[in-house]
Amino acid sequence: MCGIIGYTGEQKAAPILIEGLSALEYRGYDSSGVALLADGEITAVKSKGRIAVLEEKLENTKLPEATCGIGHTRWATHGEPSDINAHPHLSSSLALVHNGIIENYRAIENHLSLSGYDFVSQTDTEAAAHLIDFYYQKTNDPVEALCSAADEMRGSFAFGVVFANIPDTIYAIRKDSPLIVAATGSAGLIASDITAILAHTNKYFRIDEGIVAVVKKGEINFLDREGKKVAQNEETVDWTVSRAQKSGFSHFMQKEIFEEPDAIRKTVTPRLLSGIPDFGNDAPNGETLAKFDRIHIVACGTAMHAGLIGKAFTERLARVPVNVEIASEFRYRDPILGENDLVILLSQSGETADTLAALRHAKARGTATLAIVNVIGSSVAREADSVIYTLAGPEIAVASTKAYSVQCAVLVLLAVSTALGRGQMSQADAEDICRAMSENVPDDVAAVLKMSDDICKVAKKYTGCEDLFYIGRGIDADMCTEGSLKLKEISYIHSEAYAAGELKHGTISLVTEGVPVVALITERALCEKVISAIREVKSRGARVLCIVTDDIAEDFDIPCDDMIRFPASVPELALFSAASVLQLFAYHAASARGLDVDKPRNLAKSVTVE
Ligand code: M6R
């Protein structure tokens, strides 16, 4: 999705804006631009395509000596990617960058056209720029202008604005779209996320909705619409610039898969007390969890797939029914929520628009909510009744990997805690699983990472495929949904995931000579069933890659063309090693195709619009 950066300080603004935009590239974009403010004038330079194209354009443009400016990476929603549609958008008194969608922009355009405003782009954002200008011309008060315009707009927005006649100052306001501001000794910054300003500071403020941030060199004021100062909470991340860099890896995705053992350990260990799960005061623990009759896990994409793992563990260990839902459906289908239900929102970014809307829906219905989120202080984290942070560090690659593993880890701990609270599990069994989660699982995943080159060799055999099936049973079927998503989003190889027993109810008609099928087997109890499904597809000519734990491979004769065997010292928790195998398989298949693995086409890291 779009990215915002703004800088005011003592250094030249343009290079700092470009550096910030480059750090935001991972979010996905198709054009970019900057607006520089100097001597009462605004100079905007915008360009379709990569930031490198914008940089070249900047080098060939006579720029003012500006120490204040705003920049943007645009992911097109209204109007094609083009120089004109790129942000910043200009009006007579100001330049503006925008993340989000203005739903009623047509109505605003119609009314402003009557007041003499000309529209040159196809975007919804230009309406916002002119509307703020309209109120600024009337009031000569930037805060009032921003608040009045915000009142009139429907949809979601994070705005960064510079006014031509207000030197060295950036104004920011938001609704349903993230925006942070920060001040260092000599600079003021705004950004859509912390990675853009990490080179300057790791301390920042998230602006509350309806509040205007007035950002100057080394100073920020937060004002309500009456112009009264209000306080905002400062937050800190322990992320460093190096954690947001590739550090010798070819891609962020590869680096992030290799961070999984550490991420799991860091997420699990602080949540164990006397060997069993303890979420402290952050979130409900055993006895409180045990009171819920039903749990709903609501999320999108990979996070939703992690939810399926949460369902399997909670139902198996605690015998509580769990409903897993796609957030974009949950919010509109009037879900049945009982008074003893718990809604768990899973999100890496904590800013996914549909997940946030689902959270608000659940809260409005009076249902207890718990967020499991990676980004500290994000909207989902702040609005839920309670929050458990996954401690994976920044995830930059669009394809989610380590965030999935740590989401699964927290869900396993929650399942154990619920099972203990309901008396479904002995203390000793709980301690065994928790010990395995903090020790065996990270070690097993580390062992899988050592197999990366071997997995690469196998993946290369499948890079030429156009269609592929993933099959498994039980938890393996859930894992297959994620393995399949990972492959298709970065390699563009079409794939589908099926519960192996379901194939013969229709899909097997697509299995003909040479069709590749990936069979995942970690569940010993269901192993023979998957082997039967393999025989069924093989007898129709399928080419089968079996991904299987070492112990099952030893004990069973599996008919397949290729095999990836991996260690899982605790069979019930083999999913964590399996996840890394599936991620590495997708990663190597996509890189062998020479694709931009970290920034797959059309995708954005954080989907902050509906
Ligand atoms: O930030 P979130 O976890 O809420 O994001 C949810 C999905 O958009 C995300 O997992 C998406 O599916 C990834 N591209 C998957 O790799």
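How many nonpolar, polar and charged residues are in the lining of the largest pocket? By class, that lining has 11 nonpolar, 12 polar and five charged residues; Ala, Val, Leu, Ile, Met, Phe, Trp, Tyr, Cys and Pro count as nonpolar, Asp, Glu, Lys and Arg as charged, and the others, Gly among them, as polar. This is a predicted model, in which local features need pLDDT of at least 70 and side-chain atom pairs count only at pLDDT 80 or more, while totals for chains, interfaces and linings use all residues. Residues are numbered from 1 along each chain as its sequence is written, and side-chain values use heavy atoms, with hydrogens and water left out.

**Largest pocket**

- The ligand takes up the space of the largest pocket; a molecule sits in a cavity or pocket if more than half of its atoms lie within 2 Å of its grid points.
- On a 1 Å grid over the protein atoms alone, a pocket is an open set of points with protein on both sides within 12 Å along at least five of seven lines, a cavity is a set where a 1.4 Å probe fits but cannot get out, and lining residues have an atom within 4 Å of a point.
- The volume of the largest pocket is about 520 Å³, where a volume is the space filled by probe spheres set on the points, and grid points are joined across faces, edges and corners.
- Of the 28 residues that line the largest pocket, Cys 300, Gly 301, Ala 604, Lys 605 and Val 607 lie nearest its centre.
- At least two lining residues come from each of α9, β19, α11 (353-364), α13 and α16; helices (H or I, at least four residues) and strands (E, at least two) are DSSP runs, numbered from the N terminus.

**Shell around the ligand**

- The ligand is surrounded by 13 residues, the closest being Ser 347, Gln 348, Ser 349, Thr 352 and Glu 489; a residue is near a molecule if one of its heavy atoms lies within 4 Å of it.
- This shell divides into four nonpolar, seven polar and two charged residues.
- With three residues, α9 gives the most to the shell.

- Ligand oxygen atoms lie 2.7 Å from a backbone N or O atom of Gln 348 and 3.2 Å from a polar backbone atom of Thr 302.
- A nitrogen atom of the ligand is 3.3 Å from a backbone N or O atom of Val 398.

**Cavities**

- Five cavities of 30 Å³ or more are found in the structure.
- The largest cavity holds about 230 Å³ of space, and its lining has eight nonpolar, five polar and six charged residues.
- Among the 19 residues lining the largest cavity, Tyr 26, Arg 27, Asp 193, Ser 349 and Val 375 lie nearest its centre.
- Residues lining the second largest cavity include Leu 289, Ile 295, Thr 314, Leu 342 and Leu 411.
- Helix α13 provides the largest share of that lining, four residues.

**Backbone geometry**

- His 87 and Pro 88 are joined by a cis peptide bond, with omega about 0°; Pro 88 is in the loop between β4 (68-74) and β5 (89-90).
- Asp 39 is not a glycine, yet has a positive phi of about 50°; Asp 39 lies in the loop between β2 (31-38) and β3 (41-48).

How values were computed:
A polar contact is a pair of N or O atoms within 3.5 Å; within protein, one must be able to donate a hydrogen and the other to accept it, and residues adjacent in sequence count only if both atoms are side-chain atoms.
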